[in-house]
Amino acid sequence: MNILIVDDEELIRKVIKEYLLLNDYKVYEAENGIEAINMCKNNKIDLIIMDIMMPKMDGYTACKEIKKEYNNIPFIMLSARSEEYDKLIGFDLGIDDYVTKPFSPKELVARVKVILKRNKQNAVLKIAGIEIDDLAHVVYVDKEKIELTPKEYELLKYLIENRNIALSRENLLSSIWGYDFYGDDRTVDTHIKTLRARLGKYRDLIKTVRGMGYKIEED
């Protein structure tokens, strides 16, 4: 497993790295958010440990930018601040854990193990003959790999994660495209149409909920 440590303090990176290496993880390092983004572009990263207060680009901004392209990478945020507000910002961004400095390196590694184990267990989503390998970011239909656009992938994943639940178009827009997206309901309808086409004989698993939106369920 590849772990990226992002902190502008070299000593903190060194300590965390030593403990991760003792547990057989491969470790990458970055001094700021910009370096972290480039590191994700050039390497397969399985988990990121990131400080919040850094020069050039802070941890929150870097997390937001990384998740636009690599939403499945789990985050542990580090901070010298313990205010509830700071934690809520992080969790709103989709981080997995929040650790306040000073911290125990052993405890941090234990948290890493828990998150990676949980992600591995949740990495494969299935419904009928459709299977999503979220770690590899690949979708199979009857064991055959199919190509989806990033938004089609996120849409299918979200539908399966919320199977049997009627999801409004507004819910899908905010969850997949974000609150600052300026499109309308037709964006959802268009992507549902193309997604159904790619799913072949399983297209009818995606049900239209009249006057509301969509849901996915097995017949």
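## Overall architecture

Among contacts in the protein chain between residues at least 6 apart in sequence, 55% join residues at least 24 apart. The model is predicted. Its secondary structure comes to eight helices and twelve strands.

The C-alpha trace of the protein chain spans about 55 × 35 × 25 Å along its principal axes. Of the 219 residues in the chain, 46% are buried.

## The five-stranded sheet

Five strands form an open sheet. Their order is β2-β1-β3-β4-β5, and the pairing is parallel. β2 and β5 (97–100) stand at the edges, so one side of each has no neighbour in the sheet. Each of these two has a single partner strand. From one strand to the next, the twist averages 20°.

β3 and β4 (residues 75–79) run parallel and are joined by four bridges. Isoleucine 48 stands opposite phenylalanine 75 of β4.

## Helices on the sheet

α2 packs on the sheet and touches β1, β2 and β3. The direction of α2 makes about 165° with that of β1.

α3 lies across β3, β4 and β5. It runs at about 155° to β3.

Which residues of helix α2 (residues 33–42) are buried? They are Gly33, Ala36, Ile37, Met39 and Cys40. These residues cover an arc of only 160° around the axis, which puts them on the same side of α2. An α-helix has 3.6 residues a turn, so residues three or four places apart point the same way.

The cover over the buried residues of α2 includes β1 (2–6), β2 (26–30), β3 (47–51) and α3 (59–69). The face turned away from the buried side carries exposed Lys41 and Asn42. At the N-terminal end, asparagine 32 caps α2. A side-chain oxygen of asparagine 32 lies 3.1 Å from the backbone nitrogen of isoleucine 34.

## The α6–α8 crossing

Two packed helices are described by the angle between their axes and the distance between the axes. Helix α6 (residues 150–161) and helix α8 (residues 185–198) have axes that come within 10 Å. The axes cross at roughly 85°. That makes α6 roughly perpendicular to α8.

Which residues make the contact? From α6 come Lys151, Glu152, Leu155, Leu156 and Leu159. From α8 come His191, Ile192, Thr194, Leu195 and Arg198.

Conventions: Residues are numbered from 1 along each chain as its sequence is written. This is a predicted model: local features need pLDDT of at least 70, side-chain atom pairs count only at pLDDT 80 or more; totals for chains, interfaces and linings use all residues. Side-chain values use heavy atoms; hydrogens and water are left out. Buried means under 20% relative accessible area, exposed over 50%, partly exposed in between (1.4 Å probe, protein chains only). The arc is that of the directions from the helix axis to the C-beta atoms. Contact means heavy atoms within 4.5 Å. A polar contact is a pair of N or O atoms within 3.5 Å; within protein, one must be able to donate a hydrogen and the other to accept it, and residues adjacent in sequence count only if both atoms are side-chain atoms. Two strands pair if DSSP finds at least two bridges between them. Axes are lines fitted to C-alpha atoms, for helices over the stretch in contact, and angles run from 0 to 180 degrees between N-to-C directions. Angles under 35 degrees count as roughly parallel, over 145 as roughly antiparallel, 65 to 115 as roughly perpendicular and the rest as oblique.
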